[in-house]
Amino acid sequence: MLLSMKETILVVGGGIAGMETAVQLKALGLTPVIVEKNSSLGGHVAQWNRLFPDMTPASKVLEPYDEALKEVDIYTDTEIASINSLQKEYAAVLSNGKTLRCKAVVFATGFKLFEAEKKEEYGYGIYDRVITNRDLERWFDTRSDERVPAKPAAIGFVHCVGSRDVKAGNSQCSKVCCITAIKQAIEMKELFPDTEIYCFYMDLRLFGKKYEDFYINAQRDYGIHFIRGRVSEVAETIDGRVQVKAEDTLSGKPVKVKLDLLVLMSGIVCDRANNELARSVSLPLDEDGFFRSLDNIAGVTRTDRKGLFLAGTCSGPKTVPETLAEARSAALQVYQYLKAKKK
Ligand SMILES: Cc1cc2nc3c(=O)[nH]c(=O)nc-3n(C[C@H](O)[C@H](O)[C@H](O)COP(=O)(O)OP(=O)(O)OC[C@H]3O[C@@H](n4cnc5c(N)ncnc54)[C@H](O)[C@@H]3O)c2cc1C
Ligand code: SF4
């Protein structure tokens, strides 16, 4: 039984989670409306160049949504001013002045990249040759960033920047940055075969399909050096390079290398700008600020509030395939919720 097309469902956030949720809701006969605060859809994926594990261009992953969302109402440059719970539905007041009555709300508000300048000791925003994973993705796209030298002799990648770091306010692992570091290291090695590349890591967390292959290839085929140990000091040298000190905890020896580029693997943190929105509908947050799921096994896309659902990284770090799977699950949960209400 298809539900009435009049069943409007608000999808907050137009990243890949929100877009996929909307596509699936439409296929289930519902009427999704996407509200996105930025001027375009795509969220973080639109900022990446090629995606692990298949090195698929991010643009190719996003492209099909142009067609698939053709008949979906989308409000860009729009935020949610408030969401009020009525007897059988919700009324969302949008920043464009419109009020949207909807039967359910799917939050797909995503994450924020940790602000690397907060880890002053790594020198982001201070030293010219220190950039982030996001900056490097942009450079892969545009090949224009004066901080990236034309012929680097040595490049370093620092893992766990703003993740697994209580002092930085985020004790959790971001899940995607070990594999991103290795992906980016290989991409740089392909562009600059003579460059020495170092990855400074605490642990390597490579849990996904094909991820281990990246690591093996990085060592065997590309000669990338993996140094287990926290970076203790980054300083600018007189000739404008960066000197990195770390302790190799496997050999027990201190390491000191001079680099032409240092790339910080900024992690996934919650977007605190959405805390107020969550509070306004009494949605609980986890200790790390992400939206709290009903439970973390069978109820990841559900919440303890009737008619409110979650999709993607608003509830914690996830890869694109995990985000897509959740978006599909969230759409199905909405459908089942509405069907049960009709009985
Ligand atoms: C450096 C890095 C590289 C990565 N590379 C890969 C990769 O190669 N392969 C892979 O599988 N995964 C990768 N990931 C993970 C991938 O980015 C995420 O899985 C994906 O972006 C999650 O999508 P999302 O829609 O949940 O969140 P987001 O991409 O963050 O999208 C959320 C959207 O919601 C909007 N929004 C937020 N709040 C509001 C609001 N209140 N009102 C309206 N709109 C709002 C935002 O503007 C944004 O458009 C990477 C992650 C990082 C950090
Ligand atoms: S995925 Fe790797 S780099 Fe990212 S937080 Fe976890 S251990 Fe650190």
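Two residues are in contact if their C-beta atoms, placed from the backbone, lie within 7 Å. The exercises below apply to a predicted model.

**Exercise 1.** Describe how domain 1 and domain 2 meet.

Solution. 
- Start with the bounds: the domain assignment gives domain 1 as 8-110 + 271-342 and domain 2 as 116-268.
- Next take the centres over C-alpha atoms, which 32 Å separate.
- Then count contacts: nine residues of domain 1 touch 18 residues of domain 2.
- Finally sort the side of domain 1 that touches domain 2, which holds four nonpolar residues, four polar and one charged.

**Exercise 2.** Classify the packing of helix α4 against α5 by angle, and list the residues that meet.

Solution. 
- Helix α4 covers residues 133-142 and packs against α5 at an angle of about 40 degrees, the axes being 11 Å apart.
- Angles under 35 degrees count as roughly parallel and 65 to 115 as roughly perpendicular; α4 is therefore oblique to α5.
- The crossing of α4 past α5 is left-handed.
- From α4 come Asn-133, Leu-136 and Phe-140, and they meet Cys-177, Thr-180, Gln-184 and Glu-187 of α5.
- By type, this contact of α4 with α5 has three nonpolar residues, three polar and one charged.

**Exercise 3.** Identify the residues closest to ligand 2 and the elements that give two or more residues to its shell.

Solution. 
- The shell around ligand 2 has 13 residues, with Cys-160, Ser-163, Cys-173, Cys-177 and Cys-178 the closest.
- Two or more residues each come from β12 (154-161) and α5 (177-191).
- Sorted by type, the shell around ligand 2 has five nonpolar residues, four polar and four charged.

Conventions:
Residues are numbered from 1 along each chain as its sequence is written. Chains are lettered from A and ligands numbered from 1 in the order in which they are written. This is a predicted model: local features need pLDDT of at least 70, side-chain atom pairs count only at pLDDT 80 or more; totals for chains, interfaces and linings use all residues. A residue is near a molecule or strand if its C-beta atom, placed from the backbone, lies within 6 Å of it. Helices (H or I, at least four residues) and strands (E, at least two) are DSSP runs, numbered from the N terminus. Ala, Val, Leu, Ile, Met, Phe, Trp, Tyr, Cys and Pro count as nonpolar, Asp, Glu, Lys and Arg as charged, and the others, Gly among them, as polar. Axes are lines fitted to C-alpha atoms, for helices over the stretch in contact, and angles run from 0 to 180 degrees between N-to-C directions. Angles under 35 degrees count as roughly parallel, over 145 as roughly antiparallel, 65 to 115 as roughly perpendicular and the rest as oblique. A crossing is left-handed if the near helix is turned anticlockwise from the far one by less than a right angle, and right-handed if clockwise. Domain bounds come from an automatic or database domain assignment.
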